[in-house]
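Let's take a look at this protein chain together. We'll go from the whole chain down to a single residue.

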Amino acid sequence: MIDEVAARFPYWATAVLIVVGLYGMIGKRSLVKQVIGLSIFQSAIILFFVSGSLLEGATLPILYSVHGVAEHVDPDDYVNPLPHVLMLTAIVVGVAITGVALSFLVSIYREFGTLDEREMLDEMRK
């Protein structure tokens, strides 16, 4: 039982991070906490894709040829690099989204004097 849970630890960690991130985005009133929840949620998705693309006993997809002749290649012996490359792009996009969201929060705070969602909605209704 313990071995099965330990073998799937990245998936359990992903599930916990998704729940924490969703709670931060949905359950909190502060916009800063919602942005932090969004960042945690993005990290959980990245962890899920990277951990799902790993293969036990696989190696890097670098092929060497001897005297210009390539050997027979079995694709199951190599890790697929595409998910890792896509997640690098997702990390860059996530950092950009977080930066833009934080700059919006500065503007919102200057306009309303608060980052509480309900207080801002009450002030907008007036």
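## Charges and surface

Let's start with charge in this predicted model. The protein chain carries 8 positive and 13 negative side chains.

## The overall build

You can count five helices and two strands in the protein chain. Walk along the sequence and they come in the pattern α-α-α-β-β-α-α. The radius of gyration is 22 Å, while the globule rule gives 14 Å for 126 residues, so the protein chain is more spread out than a compact globule.

The C-alpha trace tells you about its extent too: along the principal axes, the protein chain spans about 75 × 45 × 15 Å. Of the 126 residues, 18% count as buried.

Now think about contacts between residues at least 6 apart in sequence. In the protein chain, 53% of these join residues at least 24 apart.

## Zooming in on Ser-53

Where does Ser-53 sit? You'll find Ser-53 in the loop between helix H3 (31-52) and strand S1 (65-66). Is Ser-53 buried or exposed? Its relative accessibility is 10%, and buried means under 20%, so Ser-53 counts as buried.

Leave out residues up to four places away in sequence, and Ser-53 touches Val-79, Pro-83 and His-84. With His-84 there's a polar contact as well: the two side chains are joined at 3.5 Å. The side chain of Ser-53 also reaches the backbone oxygen of Val-50, at 2.9 Å.

How far apart are Ser-53 and Asn-80 in sequence and in space? Along the sequence, Ser-53 and Asn-80 are 27 residues apart. In space, going from C-alpha to C-alpha, Ser-53 and Asn-80 are 7.0 Å apart.

Conventions
Residues are numbered from 1 along each chain as its sequence is written. This is a predicted model: local features need pLDDT of at least 70, side-chain atom pairs count only at pLDDT 80 or more; totals for chains, interfaces and linings use all residues. Side-chain values use heavy atoms; hydrogens and water are left out. Helices (H or I, at least four residues) and strands (E, at least two) are DSSP runs, numbered from the N terminus. The radius of gyration is taken over C-alpha atoms; the globule rule is 2.2 Å times the number of residues to the power 0.38. Buried means under 20% relative accessible area, exposed over 50%, partly exposed in between (1.4 Å probe, protein chains only). Contact means heavy atoms within 4.5 Å. Lys and Arg count as positive and Asp and Glu as negative; His and the chain ends are not counted. The place of a charge is taken as NZ of Lys, CZ of Arg, CG of Asp or CD of Glu. A polar contact is a pair of N or O atoms within 3.5 Å; within protein, one must be able to donate a hydrogen and the other to accept it, and residues adjacent in sequence count only if both atoms are side-chain atoms.
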